[in-house]
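Colleague: Please take me through this model one feature at a time. For each feature, give me the general idea and then the case at hand.

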Amino acid sequence: MKTLVIVTHPNMDDSLINKRWMEALAQYPEKYTIHDLYKIYPDEKIDVIKEQELIESYDKIIFQFPFYWFSSPPLLKKWLDEVLAYGWAYGSKSGYKVGGKKIALAVSAGVNEEDYSATGEYKYTMEELTRPYELSFEYIKADYKGIFTYFGMEVNTTQEWVEKSVSMYLDFIDSL
């Protein structure tokens, strides 16, 4: 079954890595479906039923976004709040519609990996900072598979650095 990649980047035209990842995914339409939230919902009015139906039709879902302000872009938070609703995604009478689906994060980060460590500038690892996502996905009984992070996009914007990430990202998704 194909993988649904939910991409949330508020300024894709200026993105180096998220745009490149989308281009790479688009080369394999038989394997990946790209769902660009800011393109689909420029007014940020989410069609919850449509989104829930989409989620129900996939067994593997990736949330791809740039990491800033130690979180995701605001539209992804809104999407999570509205789409993963009580009575559908969780609750005793929900049927846990996301239950058992493989879910993972794909995150681009501006600074280097060592900055996200106990001794680094930000004091916490990326896994620690994204723990609310992990807990949320566990709460709705999804099968959380972890995070792919590519660091250093503010300090190394060379084409070689961006290209290095592409096969790593695709391999991560395919290994889930």
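**Surface and overall build**

Modeller: The accessible surface of the protein chain is about 9,100 Å², and carbon and sulfur atoms hold 51% of that area. Accessible areas come from the Shrake-Rupley method with a 1.4 Å probe, and for residues only the protein chains shown count as cover. This is a predicted model, in which local features need pLDDT of at least 70 and side-chain atom pairs count only at pLDDT 80 or more, while totals for chains, interfaces and linings use all residues. Residues are numbered from 1 along each chain as its sequence is written, and side-chain values use heavy atoms, with hydrogens and water left out.

Colleague: How many helices and strands are in the protein chain?

Modeller: Helices (H or I, at least four residues) and strands (E, at least two) are DSSP runs numbered from the N terminus. The protein chain has seven helices and five strands. Their order along the sequence is β-α-β-α-α-β-α-β-α-α-β-α.

Colleague: What is the radius of gyration of the protein chain?

Modeller: The radius of gyration is taken over C-alpha atoms, and the globule rule is 2.2 Å times the number of residues to the power 0.38. For 176 residues, a compact globule would be near 16 Å; the protein chain has 16 Å, so the value agrees. Along the principal axes, the C-alpha atoms fill a box of roughly 50 × 35 × 35 Å.

Colleague: How many positive and negative side chains does the protein chain have?

Modeller: Lys and Arg count as positive and Asp and Glu as negative, with His and the chain ends not counted. Each charge is placed at NZ of Lys, CZ of Arg, CG of Asp or CD of Glu. The protein chain has 19 positive and 28 negative side chains, and the centres of the two sets lie 7 Å apart.

**Burial and contacts**

Colleague: What share of the residues in the protein chain is buried?

Modeller: Buried means under 20% relative accessible area, exposed over 50%, and partly exposed in between (1.4 Å probe, protein chains only). Buried residues are 50% of the 176 in the protein chain. A contact means heavy atoms within 4.5 Å. Of the contacts with a separation of 6 or more, 75% join residues 24 or more positions apart.

Colleague: Which residues of helix 1 are buried?

Modeller: An α-helix has 3.6 residues a turn, so residues three or four places apart point the same way. Helix 1 (residues 17-26) is mostly covered, with seven of its 10 residues buried. They are Ile17, Asn18, Arg20, Trp21, Met22, Ala24 and Leu25. These buried residues pack against several elements, including strand 1 (3-7), strand 5 (143-150) and helix 7 (159-175).

**Polar contacts**

Colleague: The side chain of Ser72 makes a polar contact with which side chain?

Modeller: A polar contact is a pair of N or O atoms within 3.5 Å; within protein, one must be able to donate a hydrogen and the other to accept it, and residues adjacent in sequence count only if both atoms are side-chain atoms. Ser72 pairs with the side chain of Tyr133 at 3.0 Å. Ser72 sits in the loop between strand 3 (60-67) and helix 4 (74-83), and it counts as buried because its relative accessibility is 8%.

Ser15 is in the loop between strand 1 and helix 1 and is buried at 6% relative accessibility. A polar atom of its side chain lies 3.2 Å from the backbone nitrogen of Lys19.

Colleague: Is Lys60 buried or exposed?

Modeller: Lys60, in strand 3, is buried, with a relative accessible area of 13%. Its side chain reaches the backbone oxygen of Ile173 at 3.0 Å. Not counting residues up to four places away in sequence, Lys60 touches residues that include Lys2, Lys102 and Asp174.

**Backbone angles**

Colleague: Where is phi positive in a residue other than glycine?

Modeller: Most residues other than glycine have a negative phi, and most peptide bonds are trans. Tyr96 has a positive phi, near 45°. Tyr96 is in the loop between helix 4 and strand 4 and is partly exposed at 26% relative accessibility.

Lys141 is not a glycine either, and its phi is about 65°. Lys141 is in the loop between helix 6 (131-139) and strand 5, and its relative accessible area of 48% makes it partly exposed.
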